[in-house]
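Look at the model below and follow its charged side chains. Where do they pair up, and how far are they covered?

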Amino acid sequence: MASQQLLSVPHLSLLPKVSPFHPSLSSTPQKLTSLFHSTTCSALQSSSTSRITNLQPVTDASSQTESNVPNETTALTLRNICQGFVPEHILHRMEEIGFVFPTDIQREALPTLFTGRDCILHAQTGSGKTLTYLLLILSLINPQRSSVQAVVVVPTRELGMQVTKVARMLAAKSTDVEVKGCTVMALLDGGMLRRHKSWLKAEPPAIVVATVASLCHMLEKHILRLDSVKVLVVDEVDFLFYSSKQVGSVRKLLTSFSSCDKRQTVFASASIPQHKHFVHDCIQQKWTKRDVVHIHVSAITPMPLCLLHKFVVCGKKNKHQILLALLESDAPESAIIFVGEQSEKSKKAGNDPSTTLLIELLKTSYEGSLEILLLEEDMNFNSRAASLTEIRQGGGFLLVSTDIAARGIDLPETTHIFNFDLPQTATDYLHRAGRAGRKPFSDRKCIVTNLITSEERFVLQRFENELMFSCEELMF
Ligand SMILES: Nc1ncnc2c1ncn2[C@@H]1O[C@H](COP(=O)(O)OP(=O)(O)OP(=O)(O)O)[C@@H](O)[C@H]1O
């Protein structure tokens, strides 16, 4: 069967076409083994033991060491993996930003991606999937060509802005080398589409980061064409396929607006439910080529090990007071408080949404120093952008949000997550929790606390079973 064929050991020819001067070949044979081993493991089975140090028991969130940083003299670097594929000035920039050692997904996926194969990047939240696919894109772009050569599709404007920022940082024009930088366009819902139309016609950018609706609008109006696209990335692919209303447009994008034979296709997410089925669909539906590789890192522990999970059983009436008490006792450096979306029934009844009530409570009763911010779907795009900009300007924050902040948003300062309302599914729990613990080489433990009623205990237990983590009860 096709899917079995995919998961078999790759041929030696799948090894990256490394130049004889590649540093990985110039030193020890061990390094060649390491590159091959990564590719083999990834296509064969789930792997990754690189965070084994995190298995040690911990007691609190304040033990802040950096002991997971690889040994500088012996470890494989991102440069080792990318040299010969990614232009030197981009490697230089990458190191300047601080990306020196590969995370597990980068080490395992990049060699396979550089061979040109379609890949499904399936790795924990905060594991560095964005840099993985951006390095592939930057290895293929020709900045001299005036055409769209790579497209990254994202589910929300916020995630799109974040990916654009990282892409622009890496692809910026180099000052000391005569190399043209490549342009990155953010084609996102709520943006100025008229201005983008003129830009696309006058001088097409090399990379487009887009939300589905805005991208399809441009394609349908023939303002943008995907003929010269070498790589198409769909980030948070399971969300776009299974949870959003845009699945029809995503399918069209993958099959009608472009053909999988003419591009390299990359899907990324921390959660791909029934992934074997998904791989099968990818081939059957021609979303990818037949030899697509599913690269699954940390399959046994989908939940990052740096997260500690707790719960407090409380009544609906004293939830607010419990939250205030937790904020005082835990003293987070920065936190996200997730609240469920208001139901249609509650809206019709004219009730205030929980987010508004919570913000009011915090503004009047929270005595800490963190800045209180709100992010939810119903806000206009400018207010949404303002909230995230304020966060990114530094200083501690207390962000009250619906699930709009649950996917992809990277706020590495976040030390605590509070589920004021439980999420709907285990997958949603995974992504909410994963907004904390986003420093790949840090040993820092972050805390996820759930405020639940006694009837919700079994729901949380189900999430624990499904995601293989355990939650400790806090007594108040
Ligand atoms: N090689 C690296 N060295 C140091 N930091 C890195 C490296 N790669 C990525 N990071 C950092 O790790 C954080 C998480 O990366 P990223 O946002 O790509 O995670 P992700 O896998 O896409 O997570 P999610 O599934 O939640 O979207 C970011 O702050 C990023 O800058």
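Asp227 and Arg225 are both exposed, where exposed means over 50% relative accessible area, buried means under 20%, and partly exposed lies in between (1.4 Å probe, protein chains only). The two residues form a salt bridge, and their closest N and O atoms are 3.0 Å apart. A salt bridge here is a side-chain nitrogen of Lys or Arg within 4 Å of a carboxyl oxygen of Asp or Glu. Side chains of opposite charge can pair when their charged atoms come close.

This is a predicted model, in which local features need pLDDT of at least 70 and side-chain atom pairs count only at pLDDT 80 or more, while totals for chains, interfaces and linings use all residues. Residues are numbered from 1 along each chain as its sequence is written, and side-chain values use heavy atoms, leaving out hydrogens and water.

Now take a second pair. Glu236 and Arg407 meet through their side chains in a salt bridge of 2.8 Å, N to O. This pair links distant parts of the chain, 171 residues apart. Glu236 sits in the loop between β5 (231–235) and α11 (237–243). Arg407 sits in the loop between β11 (397–401) and β12 (416–419). Are these two residues buried or exposed? Glu236 has a relative accessible area of 6%, so Glu236 is buried. Arg407 has 8%, so Arg407 is buried too.

Some salt bridges share partners. Arg79, Glu88 and Glu95 are joined into one network in this way.

Lys252 counts as partly exposed because its relative accessibility is 36%. Glu220 is also partly exposed, at 46%.

Finally, step back to the whole. How many salt bridges does a search of the whole structure find? The search finds 16. The chain has 19 helices and 14 strands. These are DSSP runs, numbered from the N terminus: helices are H or I with at least four residues, strands are E with at least two. Of the chain's 476 residues, 54% count as buried. Consider contacts (heavy atoms within 4.5 Å). Among those between residues at least 6 apart in sequence, 77% join residues at least 24 apart.
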